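Here's a quick walk through the strands and helices of this one. Have the structure open as you read.

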Amino acid sequence: MEEKYEKVTSTIERRKERLDRGIKVRTEGIYAISSLEEVAYLLLPRLILITGLLLLPALIPSLYWKRVISITCIYALLALGFDFLANFVGLVSLGGAFYIGVGGYMAAILNKYVGLSPILTIPLATFSGAIICTLLLLPALPLRGVYFAIVTLMYPLAIARIIEALNILGGTDGILGVAGFPSRWIEQYIIILIIIFALFGLRRLVNEDIGLVFRGVKDNDQAVRASGLSITLYKSIAVFIASGLGSLGGAYLSHIYMWSGISQFALDFSIIPIAATVIGGGGTLVGPLLGCFILVPISEFLRAFGTLRIVFYSLILLAFIMFRSEGVMVYAQRKYHQFERWVKV
Amino acid sequence: MKEEPILQVLHASKSFGGVQALVDVCFEVKEGEVFGIIGPNGSGKTTLINCITGFVKMDSGEVFYRGKEITNRPPNYIANLGITRTFQIMRPYYSLPAYKNLIIPLFSPRARRKGGWRGGGKLGDRATVSIDILEEIGFERDSFVPYKLASSLPTGYLKRLELARCLALKPDIILCDEVFSGLSMSEIASMVPFIEKLQMDGITLVMIEHRLRELFRVANRVMVMNFGAKLTEGIPEEVMEDERVKEAYLGSEKLLDYTFEA
Amino acid sequence: MDILIYGIVNSFSLALMAIGFTLVYGISRLPNFAHGAIYVITGFGVWWFIHKLHLNYALSIILALVLMGLIGAGVYRFVLIRVRGMATSEIIATYALGLAILEFLRWRGFKGMTYTLPVFIEGSIQIAGVPIDLQRIIVIGIGIVVISFMWLFTHYNKTGLALRGMAQDEHAAMMLGIDSDWMALIAMAIGSILSGLSAVVLLPLGNIVVEAGYNVLILSIAVCIVGGLGSWGGAILAAFMIGFVQILTVRYIQSHFHMVVALLAIILTLILRPSGLFGRQKELEERV
């Protein structure tokens, strides 16, 4: 329950009161399955989300925009990772591009030089990408949050420049001739399924016992250490998961465009997940998803304006942060679960 | 009470920049006793606990636990050996309900070893065990209190939550940093029997306290610190009669009559 | 021998870049990720004053620096003050701002080879048989001046002493009546001016490119981490260490390695000695 005070006239005071809706309270226990109405209350939002995602490609006719959906899902993987790390573990990951780039290059290398097909490269790139990213980020994990932010910021910028300067891994041209997907429908739907599983999987994870340890690390890491748990270990696990999601996105991206290059370390991949999380509602895991579905199509419209679109996201992000806006999903969830009314003091 | 010391601190020294927080502190704690550490503010008591439990690296000195050296080991290693501590400034996991606060220590290797948990989903073993522990320390089982968010609990409950966090690890020794501070008389009155119960269960307690009267009710021996150094140690009655101790607390100008009530 | 000379030049360049960043972080614990953006915008500002407003070079520099100070103060007053204390939001805010500025400049077409600033003094001289242009000598000179000035400022000027007090212990300083917000504002202003100054001195050696913004940010961060976040002496020492290693690798290994050196420096520092050369232990973890 929260309260806001307001003086309506000089003599009467009212306050705004927020209470959980009756149906929410009724659905909190096991008895939730006893009534159809309550089951609907719980299931409906999730069903809408899932069916919406699954139907989306069918509803969009243009091939170009169908691809945008896939790209949006890849961004959504990054945004999920960012929200998870920032709001459930306390690590701000400023360089999502790092995970995409590592995963993308791994997949391209595995495909072109080792000769594996996408069915194998994608899981392998996910796993190996996660290992590489976690190892590279390991030195920053026992330290305060700002070090992690600095290191994640730096890696994509530095690695992109290193690849360009040393002309390794294809240099500025990148690795060409990467295999694509067998069919358009597979390309379209696998990523949607992946994002659905990732979303619900993470939601489940943060409520499991290990998820509680992550949240404990965010709230008070000294207490976690005093409870006999190594925070470096659990932070590593969290980073492994988030970078795995990102690497998965990168690997998928390489196979969609059949190419892997420096642009996979581009700033878009770093800033859009952050903006999507802040706009969509941090801490909800579904907010970032929504944020991506808002921002990425807009980004496509703005492509004509060149890098102005990055200016655009940055400024929106800045505005949201400055005015401490809670984000769309947080607002929506609050409206769904609680109602407000004015109460006389 | 066994005679062999469970905890030995030898020549602990620590300085922060120019400030000498600990100066050559040596003491022993026997297994099963309640050992008090008292002294005016700034005498280094919390720093001592931080050094013993590995949160702060000592400049010099050694710490032994049952004869095994644990100097400057990481805090989670020390906790897994069975040495737990509470924090003076309580910071529970605010975003989690009270009982979920305990699931985190129950996740540690020690708790897993001692308790034999296997798996544990959302409503699995750990949640039940944590409710049990909460009941032991005074959260009413059938009320909504264990389910409230930690951010909405009053101080008395939070202090108990701190202790519960230690208990979840089935400790051999608990280092309590001012558990009685911030509590009302009735809350302390309900905590004291709990402390006595811990002692009866065989847990060694090292308690830093300012509330001397309450501490002396439970403590077997007491050590006094001042300006980072150990002044004296002994049973409470004797310690409080010591001139130096009176001087440390009250200053040498005033001579107040402090009578100790046993 | 030329390694020595160029090493010194490079080191001073790094020190100049980093000192603004370490100042702001040391005083208000704010990692200013817009540091590189300010560097670049100063360069373009001076260019614009010279070529579009046809102002005198020296005047343009002074104007640009004053403008940077105001921008830095403005950023603190209007943006950062709202997110003070929330570490995550501070980081994201300065990052977003830096990105917005740099990418805006990139969009406006400020890229490529066409933008340069003239050197202060033409020509070159020989030192111990090594030819070196005067601009680089000026870099060394300005570096020494800036470092000495900062040292004197923070030891003898009241405001400077207040800044040092804030850096050591914010709460103690506040108890002595030092206004933490005002100090942080001044720190941001001075930090921005320093960043601009380093731009003004270093950009004549090359072109003004937007990429420099990111490079400067990475290099400044590398220097500050190796030296210990918040330690000025450490930053200078680190600048020299990294500066010389960069010159050595450029000479003996390959010429594009300076970014690798910076990256490796950061990683090695975090692994081996996380608090940096002169950093304080408490920077690493929360106080218990």
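Let's start with one residue pair: B:L7 has B:Y65, in strand 4 of chain B, as its bridge partner. This is a predicted model, so keep that in mind as we go. Strand 1 (residues 5–16) of chain B and strand 4 (residues 60–65) of chain B run antiparallel and are joined by five bridges.

Zooming out, the open sheet here has four strands in the order 2-1-4-5 (chain B), with antiparallel pairing. Strand 2 (19–30) and strand 5 (68–69) of chain B are the edge strands, each pairing on one side only. Helix 1 (residues 45–52) of chain B lies across strand 1, strand 2 and strand 4 of chain B, and runs at about 65° to strand 2 of chain B.

## The six-stranded sheet of chain B

Chain B also has an open sheet of six strands, ordered 6-7-8-3-9-10, and here the pairing is mixed. Strand 6 (83–85) and strand 10 (229–234) of chain B each have a single partner strand, so one side of each is left without a neighbour in the sheet. From one strand to the next, the twist averages 15°.

What does the pairing at strand 6 of chain B look like? Strand 6 of chain B pairs with strand 7 (residues 173–177) of chain B in the parallel sense, over three bridges. B:I83 stands opposite B:I173 in strand 7 of chain B. Packed on this sheet is helix 6 (residues 155–167) of chain B, which touches strand 6 and strand 7 of chain B. The direction of helix 6 makes about 160° with that of strand 7 of chain B.

## A helix pair in chain A

Over in chain A, helix 5 (residues 118–137) and helix 10 pack with their axes 7 Å apart, at an angle of about 140°. That angle makes helix 5 of chain A oblique to helix 10 of chain A. The crossing of the two is right-handed.

Who meets whom? On the helix 5 side of chain A, the residues include A:I122, A:F127, A:G129 and A:L137, and on the helix 10 side they include A:F240, A:G244, A:L248 and A:Y252. By class, this contact has 13 nonpolar and nine polar residues, and no charged ones.

Chain A averages a pLDDT of 84, and 94% of the residues score at least 70. Among the elements of chain A, helix 10 (residues 231–257) has the highest mean pLDDT (92), while strand 1 (residues 3–7) of chain A has the lowest (58).

Terms used
Residues are numbered from 1 along each chain as its sequence is written. Chains are lettered from A and ligands numbered from 1 in the order in which they are written. This is a predicted model: local features need pLDDT of at least 70, side-chain atom pairs count only at pLDDT 80 or more; totals for chains, interfaces and linings use all residues. Side-chain values use heavy atoms; hydrogens and water are left out. pLDDT is the predictor's confidence in each residue, from 0 to 100. Axes are lines fitted to C-alpha atoms, for helices over the stretch in contact, and angles run from 0 to 180 degrees between N-to-C directions. Angles under 35 degrees count as roughly parallel, over 145 as roughly antiparallel, 65 to 115 as roughly perpendicular and the rest as oblique. A crossing is left-handed if the near helix is turned anticlockwise from the far one by less than a right angle, and right-handed if clockwise. Contact means heavy atoms within 4.5 Å. Ala, Val, Leu, Ile, Met, Phe, Trp, Tyr, Cys and Pro count as nonpolar, Asp, Glu, Lys and Arg as charged, and the others, Gly among them, as polar. Two strands pair if DSSP finds at least two bridges between them.
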